[in-house]
Amino acid sequence: QVQLMESGGGLVQAGGSLRLSCLATGSVSTINFMGWHRQAPGKERETIATMTYDDRKFVLTRFEDRFAISRDAAKNTLYLEMKNLKPEDTAMYYCAMRSTWGSPDFDYWGQGTQVTVVS
């Protein structure tokens, strides 16, 4: 089992930046795929960025100019750097990780961290 805990969310003005962190504990050596997602009120959850165990990164095109995914393997921590934030970025942000090879689904989810962007 893997436990995930996000942090770093908060209230920020439009144009500002935040770095979200996701600490993984437990059987972290089994993780092969990681990702950040968000869900705004009344909207479906959407994927922002993903990363493989061998550091291949993918950021959805509409986020790639402002968001970046990275990790510190030594700290078992996944990051999402966000800049030039906009009010429409307001959402609950979740990290998720997968241990099951070949599965399209994430096995583990954090509780989320709220990001609120005000103009």
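Visitor: How many residues of the lining of the second largest pocket are nonpolar, polar and charged?

Guide: The lining divides into 3 nonpolar, 1 polar and 8 charged residues. Ala, Val, Leu, Ile, Met, Phe, Trp, Tyr, Cys and Pro count as nonpolar, Asp, Glu, Lys and Arg as charged, and the others, Gly among them, as polar. The lining consists of Arg38, Ala40, Lys43, Glu44, Glu46, Arg62, Phe63, Arg66, Glu88, Asp89, Thr90 and Ala91. This is a predicted model, in which local features need pLDDT of at least 70 and side-chain atom pairs count only at pLDDT 80 or more, whereas totals for chains, interfaces and linings use all residues. Residues are numbered from 1 along each chain as its sequence is written, and side-chain values use heavy atoms, with hydrogens and water left out.

Visitor: Why is such a space called a pocket and not a cavity?

Guide: On a 1 Å grid over the protein atoms alone, a cavity is a set of points where a 1.4 Å probe fits but cannot get out, whereas a pocket is an open set with protein on both sides within 12 Å along at least five of seven lines; a lining residue has an atom within 4 Å of a point. The volume is the space filled by probe spheres set on the points, which are joined across faces, edges and corners. The second largest pocket holds about 170 Å³, and the largest holds about 210 Å³. Of the 13 residues lining the largest pocket, Val28, Ile31, Met34, Arg71 and Asn76 are the closest to its centre. Its lining comprises 8 nonpolar, 3 polar and 2 charged residues.

Visitor: Which strands each supply at least two residues of the lining of the largest pocket?

Guide: They are S7 (67-72) and S8 (77-82). A strand is a DSSP run of E with at least two residues, numbered from the N terminus. Both strands belong to an open, antiparallel sheet of 4 strands in the order S1-S3-S8-S7.

Visitor: What makes S1 (2-7) and S7 edge strands?

Guide: Each of them pairs on one side only. Two strands pair if DSSP finds at least two bridges between them. Strand S3 (residues 18-26) and S8 have 6 bridges in the antiparallel sense, and Leu20 stands opposite Leu80 in S8.

Visitor: How many bridges join S9 to S10?

Guide: There are 2 bridges between S9 and S10, which run antiparallel; Met97 has Tyr108 as its bridge partner in S10. Antiparallel pairing also joins S9 to S4 over 7 bridges, with Arg38 and Tyr93 as partners.

Visitor: Why is Asn32 called buried?

Guide: Buried means under 20% relative accessible area, exposed over 50%, and partly exposed in between, with a 1.4 Å probe and protein chains only. Asn32 has a relative accessible area of 3% and is therefore buried. The residue lies in the loop between S3 and S4 (33-39). Its contacts, defined as heavy atoms within 4.5 Å, include Thr52, Tyr53 and Trp101. S9 is mostly covered as well, with 7 of its 8 residues buried.

Visitor: Why does Gly102 count as exposed?

Guide: Gly102 has 71% relative accessibility, so the exposed class applies. Gly102 is found in the loop between S9 (91-98) and S10 (108-109). Gly102 and Pro41 are 61 residues apart in sequence and 31 Å apart from C-alpha to C-alpha.

Definitions and conventions: Lists of a residue's contacts leave out its neighbours within four places in sequence.
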